Amino acid sequence: MINGPARLLPGNHDLDFDAADSDNRFDTYRSQFGADYYSYDVGNLHVVALDSVQYRDGEDYTGGLGEEQLEWLRQDIAATPKGKTVVLAAHIPLLNYNDQSQTRHQVKEIKEIHEIVGDRDAVAFGGHSHTTEFMREGDATEGWTKTWGVDALPFDHITAGAISGDWYSGRVTEAGYPTALQRDGARPGVLTLESRPQSTTDRFTVTGEDDATQLAVGVNSPRYRDWFDTNRSKVGKAAAFERPTEVSAADLADGTYLTANVFAGSTGTGVDVELDGGEAKGAERTQAMQGEAKKVGALWSDPVAAQEQLVHGGSVAESGMHLWRLELPADLAAGEHTAKVTSTDRTGRVSTETIEFTVTD
């Protein structure tokens, strides 16, 4: 179905937990699928599949390569022509926004890997966290600096998300599969890396949709935030939030935002909002990725995703690095309103969604 050869690499769910020692942790995987780390060339790409899962009997898994694999990587990259783009692929990502301060869910040899790649053209891919994160060269977070001493990314690091989304959780759709919204509110889908002679680009396709579906638009009001805080501990059991697109004059006075979760949004993405056909205004990204701390809670959540997750189950999208918002005017007139939200990625691809909402007096 994927129209090409499938080359695999192991994750933490492939471990042999009864292995006698760490060297045998992927014996079953190797017997069925082959090597747990390797590299190959295709076109102008040098693809390196890494085993980023370490395990010790009686303990648990953690992110890392180990000394032997790290030395292999050092020799492999040294033997690769400088003109090729290096593509690093691993299950536990080298670095991750959502788990930025957790050593277990990132690769401990990250600084050595950055040094090995050096100034080559490169991109790193990971999975594991059930989030979709397009982290670009130059991005920085407080967690990476404090935990790893990484002040800024030397090349793109992309968490490709999960085909299962958030473990097939949530409400079953008419198409027969669940919403499974991920921990950052992104819908499940497939990431494609396209290498052409003139450039290498990436794109995200939502399961069951064409490439035009790239964002979810909602309303984050004080009434919503009160509902969120009340129900945060009731995941899968919360009563539905009533009238999600209705806001009062009091809501506007206390801070109400139109939100846009751009699933593949990143540094270089722009989001504009046209309110009632007026002049387009730029929305603000909630995480600038300029070294600030991770923002978590109702104010930074995706209301579209959270309303699904708290009622129907799954993780809760209370933080994310691809959420934009625009505060609605406090003096917005009572009545029906329409907002056209447009996202433009760094390659110029445009996606648009429209939301209708009501202001009451």
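The buried residues of helix H7 are Pro303, Ala305, Ala306, Gln307, Glu308, Gln309, Leu310 and Val311, where buried means under 20% relative accessible area with a 1.4 Å probe and protein chains only. The model is predicted, so local features need pLDDT of at least 70 and side-chain atom pairs count only at pLDDT 80 or more, while totals for chains, interfaces and linings use all residues. Residues are numbered from 1 along each chain as its sequence is written, and side-chain values use heavy atoms, with hydrogens and water left out.

**Helix H7 and its cover**

- Helix H7 spans residues 303-312, and because eight of its 10 residues are buried, H7 is largely enclosed by the rest of the structure.
- Helices (H or I, at least four residues) and strands (E, at least two) are DSSP runs, numbered from the N terminus.
- The cover over the buried residues of H7 includes strand S11 (215-220), helix H5 (222-231) and strand S13 (257-262).

**H5 against H7**

- Two packed helices are described by the angle between their axes and the distance between the axes.
- H5 and H7 pack at about 35 degrees, with axes 11 Å apart; axes are lines fitted to C-alpha atoms, for helices over the stretch in contact, and angles run from 0 to 180 degrees between N-to-C directions.
- The crossing of H5 and H7 is left-handed, which means that the near helix is turned anticlockwise from the far one by less than a right angle; clockwise would be right-handed.
- Tyr224, Trp227, Phe228 and Asn231 of H5 meet Pro303, Ala306, Gln307, Leu310 and Val311 of H7, with contact meaning heavy atoms within 4.5 Å.
- By class, this contact of H5 with H7 has seven nonpolar, two polar and no charged residues.

**The largest nonpolar core**

- A nonpolar core is a set of buried Ala, Val, Leu, Ile, Met, Phe, Trp, Tyr and Cys residues joined through side-chain atoms within 4.5 Å.
- The largest one has 27 residues, of which Leu73, Leu88, Leu94, Ile113 and Trp144 touch the most other members.
- Helix H2 (67-78), strand S5 (85-89), helix H3 (110-117), strand S6 (122-126) and helix H4 (142-148) each give two or more residues to this core.
- H3 gives the most, with four residues.
- Apart from this core lies another, of 20 residues, including Leu215, Val217, Val273 and Ala339.

**H2 against H3**

- The axes of H2 and H3 come within 9 Å and cross at roughly 15 degrees.
- H2 is therefore roughly parallel to H3, a term for angles under 35 degrees.
- The crossing of H2 and H3 is right-handed.
- Leu70, Leu73, Arg74 and Ile77 of H2 make the contact with Glu112, Ile113 and Ile116 of H3.

Methods: Buried < 20%, exposed > 50% of the residue type's maximum accessible area, 1.4 Å probe, protein only. Parallel < 35°, antiparallel > 145°, perpendicular 65-115°, else oblique. Nonpolar A, V, L, I, M, F, W, Y, C, P; charged D, E, K, R; others polar.
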